[in-house]
Amino acid sequence: MKKRKGKGRTQRKNRKKGKMMEITNTDERAVNADRISELPEHILHHILCLLRWPADLARTSILSKKWKVIWESFTSFDFDQRHFQCVNAADKWDHLQPLPVEKQSSIFKQAFESLGFVELPLIHKFILFVENTLGTRLDQLPSIQKFRLHVVFSVHLLAPFMNHWISVATDKNVNELDIHAKMDGKFYALPELVFASKTITSLKLNGCEVGDSTAIKLQNLRELSMKAMRINENIVHNFVQACPLIEDMRLINCYGLKFLHVSSLPKLNKFEVHERSSLRSVKLEVPNLETFWFHGKKSSRCKLILAGCGNLKNLTLKHSHMADKSFHELVSHFPLLEKLFLLECRTLHRITILSDKLKTLSLVRCHKLKEANIDAPNLLSFEYTGAELPFSSMNASRLQEVKLHLKSQKQKSVQKFIEGFDGKGFKLFLASKQGVNIYEELRGLHLSYFGAYKIQLTKSARMVENLLNSHLRDFHPKTLILKTSLTSDLLVFIQEKILNKEKTPPSCCKYYSKKCWRHYLEGAKMSLFPDASSAEYPNTILELKWSEAAPLPGCRDMKDINE
C-alpha cells in the first residue's frame, strides 16, 4: 500500500526492535475498499441466495464488472408469485416487456397473447418476469443449482407455463427443485420427466400431484419433502424403492396416507411426519435414523413403531393420545437419545426419564402431566411450559440452562424449585410485561409476586444480556430490578446501553426505519438498596420511561411466550 504524507501522522515505538515505527493515515482508497467483492465466488453466490426480492437480486449486476460476472454465473432461480401480490405491484413491474421474438420460448409464443392477460395484469407481469429471466440467463449456464417456483393463484392458467419452466430447469440438470402450487381442491401435475432426472438431489413439492403409476427414477435424490399433497402407501413405497440415497424425508400435512412403513433406506438420517388425515400407524425400521419428528392432530391415535431405530438421537413428539406406557416403551428403544421434545402430549400423567446420554429435554404444554422423574446426569438444557411444576425428582448435575414458561403457579413451589439451583453458579432472569428481575445470587431469594412470568436460569452472563435485550425490545417494561455484585458485567451493560444513553445517543439504527428499543427509551432513574441477607449483592432498581411515540410492543404478549 502506498503511504501518504501529511496530517494525522503518528509515531510509536517498537519496543522489541528499539526503533521508531511510522504509522500514517490509511489511504482513502483502502478505507472505501469493496471488501465484499473480494470474497470467493461461492460465498458471493450464497449472499445472492439471501436476497429474496427479485429486483434487489437483479440490481447487484450493475454494482461493478465483478458483480455482473457473479450475477451471470449465479445458478439459482427463485420465482415467487407473492412478490406480485403487493400493493401497486402492477406498477412496480410495469417496466417488464416481452423479449425479442427470437429469444421467446415456444410456449410464450403460443399461449401468452391468447389467454387474455389484459384483465389479469399481475399474472401477465409474473410470466414476463420468469420468461425474461430464463431467456436472458439460462443459455450461458451449463447447469442449475436450485430452481424454486412458488405459485399461489391462477395455477390452472399458469400450468402450461409452469410445465415449460420446470422442464427447462430439468433439462439444465437442476440439483434442487422446489415447487409450490396452491390450488383450491386440485393438485398441480408435475411433468413426468422430473421423476426421471439423474441430477436432482433435493425435491420439495407442495400442492403437487404424484400418481400411483408414476415411474420414479430419481437415483441421486437425497432430500424429499411432500407437503399438502394427496399421497398413499404406494406412492411412498415407489419413492423408497427408487431412491436408495434419501437422507432426509418429510411428509407434511398430506392427505390419504393411513399406514406408513419405511424399511429400506440405509442412508435415511432424518424423518418428519406432520399428520393431516387419519394416519393409523408409522413403522420405521431404519438403523441409521438419528432424527424423528411426529406432529399428530389432536384426534390422532396413530401408533408409533420405532423399534428398528436404535441409533435415534433426536426425538420430537406431538401426540395427544400417547399414554404413559406407550411413551416408556417407545423411548426404551433409544439408548443414544440426546434430545427429547414432548409437545402437547395431553394424556401423559406420570413419566420417568432415565438416560446418561440425554442433553436437551423440553416438556411443553403437556397439561395433564402430574409427576415427572428425571435422572439425566449429562442434561445441559431443560425447558418446561405449563401450569404446574410436576417434578418429583431431578438429577441433572451438569445442567447449564433452565427455561420455565408458567401461566399461573403457586409461589412457594416455584421458589422451592428455583432454590434447588442455589450455589451452582446460576443466574435468574424473571420477566413479565411490566418488569424484569435479574438475580446473580439466589441466596435469600424471595418472590413477592408471581403471575404470568417467563423464568430462565442460566450460567451464561452473555445469555442474560441477550434475554434482557430481547425483552426490552418486545415489551418496554417499566422497571428493571437487579441483584448483582458492583463489579458485574451486567452493570457495565446497563451503564452503556441505558444510563449513558443521554450522553451518547444511539447510532445503531442509523440506516433503518425500524429502530431498536434504545431509540424509544427517554430516560432511566436508578436507585441502590443494600441487601441485609447478602451485602455483596445489593439491589439496583431502574425506573424506565418510554417515549409516547414508541410503537406499541403489544404485538407479543406474555401468553404467547407461555403457549
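Predicted model: local features only at pLDDT ≥ 70, side-chain atom pairs only at ≥ 80, totals over all residues.
Local features require pLDDT of at least 70 and side-chain atom pairs count only at pLDDT 80 or more, whereas totals for chains, interfaces and linings use all residues. Residues are numbered from 1 along each chain as its sequence is written, and side-chain values use heavy atoms, with hydrogens and water left out.

The structure contains two cavities of 30 Å³ or more. A cavity is a set of points, on a 1 Å grid over the protein atoms alone, where a 1.4 Å probe fits but cannot get out; lining residues have an atom within 4 Å of a point. Grid points are joined across faces, edges and corners, and the volume is the space filled by probe spheres set on the points.

The largest cavity holds about 80 Å³ of space. Its lining consists of Ile231, Leu251, Cys254, Leu257, Val273, His274, Glu275, Arg276, Ser277 and Leu279. Two or more of these residues come from each of β10 (248–254) and β12 (270–275), strands being DSSP runs of E with at least two residues and helices runs of H or I with at least four, numbered from the N terminus. The largest share, three residues, is from β12. Six lining residues are nonpolar, two polar and two charged (nonpolar: Ala, Val, Leu, Ile, Met, Phe, Trp, Tyr, Cys and Pro; charged: Asp, Glu, Lys and Arg; polar: the others, Gly among them).

About 40 Å³ of space lies in the second largest cavity, which is lined by Lys427, Glu440, Ala461, Val464, Glu465, Asp489 and Leu490. Helices α12 (461–475) and α13 (489–499) each supply two or more of the lining residues, and α12 gives the most, with three. The lining of this second largest cavity comprises three nonpolar and four charged residues, with no polar ones.

Technical notes: 1 Å grid on protein atoms, 1.4 Å probe; cavity = no way out; pocket = protein on both sides within 12 Å on 5 of 7 lines; lining within 4 Å.
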